[in-house]
Amino acid sequence: MNALELTGIRKRFGAVAAVDGVSCAVAEGEVLALVGENGAGKSSLISVACGLYRPDSGSVRAFGRELPPGDPRAAIEARIGAVHQHFMLVGPLTVWENVVLGREPRRRGFIDAARARREVAEGAERCGLAVDPQARVETLGVAAQQRVEIVKQLWRGARVLILDEPTALLSPQESAALLRTVRALAEEGRAVVFVSHKLREVLDVADRIAVLRRGRLVQISRRSETDADKIAGALIEGPATAPEASARQGERGPVLLTVRELSCASDRGRPALRGLSFELQRGEILGVAGVDGNGQSELAEVLTGLRRADGTASLGNDVSFHRSPAAARRAGVAHLPEDRQRRGLCLPLSVEENLALGHHALPPYARGPLIDRAGRREKARELIEGFDVRPADPLARAAALSGGNQQKLVAARELAGGPPPRLIVAVHPTRGLDPFAARRVHQALRAARDRGAGVLLISLDLDELRALADRILVLFEGRSAGEAEPEAGDDRLGRMMLGQEPARA
């Protein structure tokens, strides 16, 4: 019997067919991978499966029983659990409160907090997912919040687990552990739908692989019958390969960014950065590696004016460039934030309006004190085409875009929407992007470097750091654990990230 079966699912948003007649199923004890370009319909399809969207036609069945359309409670009762790219967590509550919310264990009529904390901690340990049950969710980084979501669904007894880009912000060791957990869950009889752009992971973990393109299912095959080239070929119409990035032009220049003895606290009041020092040259990409929660997020916030810190950071001769986000913008700092929805976008506004944010007082977005609507529209169309934002509608609301297209929207604005930046602080810049969209962002970062910008690239994806960085700075507990060459292997970088090996000179 299939654990989850989708038949003839169609879902439109206005004139756009997000899902167009898709039928697929996943059995108990099976991992079905779902891959496709950004905007291919993956998020819409799993939202239909979870009851968050009501399909225009088609049906959803769980363990042989048809579920009422657009009813998330029915999906939960059918033991379907989903971890979405944008999390369904309550920020002010603690981890354990989020996990048990609505299903709190009770003792003599009162919430049994001790039991809840113990069960959450034990469940996280069984899954190999590190979480602090007492931490407030709003103080956690994106990767930690993702782990909380997975623990929540497993604690609630999900028999069908849908994971939307679950390794996007995990270290190599954490990703490997999660893949082992996914296989173990399948061996226990759970059905897993694994949505990912990382073809290597898909081939490692999946039993079958389904490819969506432009809302339609174009290929489904067993893992033994396909490979990365065949999947990549099915992902896009036309050639399966994207053009290579241009070779680097020019050499590194003088020091652009100097950081000395930078220290700050996290949102929980604990030390986040502890005397961090480094330099970044013009025309250089400096990668920053580290297990999530070792000061990377706070470093990005300090340099973009979002967090106060002790110590000094100077951009050229400007030691006050980071006193506020507005000052950082005026100094030529571009920011691709960790949390695109909270820090990078105003979701109720249109794509066109979001592309103008931060540059709205400058041509072509403005003419003197007035909005230049024609100029803004033309620039928006240029950026939409250049970064392949879908749907290609300047008037679409940012909230209606898929997670990957929201990321492309932020990248377009920050990298190409205004004057050439002097310093780019890019935090997980290709999170949720398909390989071809990620290539576009990588090309834009390299192009900015070749024009003389300094790029601080913070990423948990070691392959991304190796592909882009000239040097890799490793953080451990808010300090520098040393530098490594981009060719360093996963084992060595992993040991440095855990504070177990110093960098070689």
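Colleague: What share of the contacts in the chain between residues at least 6 apart in sequence join residues at least 24 apart?

Modeller: That share is 66%. A contact here means heavy atoms within 4.5 Å. Before we go on: this is a predicted model, where local features need pLDDT of at least 70 and side-chain atom pairs count only at pLDDT 80 or more, while totals for chains, interfaces and linings use all residues. Residues are numbered from 1 along each chain as its sequence is written, and side-chain values use heavy atoms, leaving out hydrogens and water.

Colleague: How do you know that the chain agrees with a compact globule?

Modeller: We check its radius of gyration, taken over C-alpha atoms, against a rule: 2.2 Å times the number of residues to the power 0.38. For 505 residues the rule gives a value near 23 Å, and the chain has 23 Å, so the two agree. Along its principal axes, the C-alpha trace spans about 65 × 55 × 45 Å.

Colleague: Why is Asn405 called buried?

Modeller: Buried means under 20% relative accessible area, exposed means over 50%, and partly exposed is in between (1.4 Å probe, protein chains only). Asn405 has 0%, so it counts as buried. You'll find Asn405 in helix α14, residues 403-416. Leaving aside neighbours within four places in sequence, its contacts include Asn38, Gly39 and Arg390. In the whole chain, 55% of the 505 residues are buried.

Colleague: How do you know that the span of helix α5 is what it should be?

Modeller: Helices are DSSP runs (H or I, at least four residues), as are strands (E, at least two), both numbered from the N terminus. The expected span of a helix is 1.5 Å times one less than its number of residues. The 14 residues of α5 (142-155) should span 20 Å, and the end C-alpha atoms are 20 Å apart, so that agrees. α5 is also mostly covered, with 13 of its 14 residues buried. After α5 comes Gly157, with a positive phi near 80°.

Colleague: What makes Arg390 and Glu37 a salt bridge?

Modeller: The rule asks for a side-chain nitrogen of Lys or Arg within 4 Å of a carboxyl oxygen of Asp or Glu. For Arg390 and Glu37, the closest N and O atoms are 3.6 Å apart, which passes. Arg390 lies in the loop between α13 (373-387) and α14, and Glu37 in the loop between β3 (31-36) and α1 (42-49), so the pair ties together parts that are 353 residues apart in sequence. Arg390 counts as buried at 14%, and Glu37 does too at 10%. Both belong to a salt-bridge network that also links Asp388 and Arg440.

Colleague: How many salt bridges does the structure hold?

Modeller: There are 31. Another one joins Arg342 and Asp339, whose closest N and O atoms are 3.8 Å apart. Arg342 counts as exposed at 56%, whereas Asp339 is partly exposed at 25%.

Colleague: Why is Val16 called partly exposed?

Modeller: Its relative accessible area is 39%, so Val16 falls in the in-between class. Val16 sits in strand β2, residues 16-27.

Colleague: Which residues make the nonpolar surface patch of about 430 Å²?

Modeller: Phe13, Val16, Leu52, Tyr53 and Met88. Patch members have over 30% relative accessible area and no salt bridge; nonpolar side chains (Val, Leu, Ile, Met, Phe, Trp, Tyr) are joined within 5 Å, and like charges within 9 Å. The areas come from the Shrake-Rupley method with a 1.4 Å probe, and for residues only the protein chains shown count as cover.
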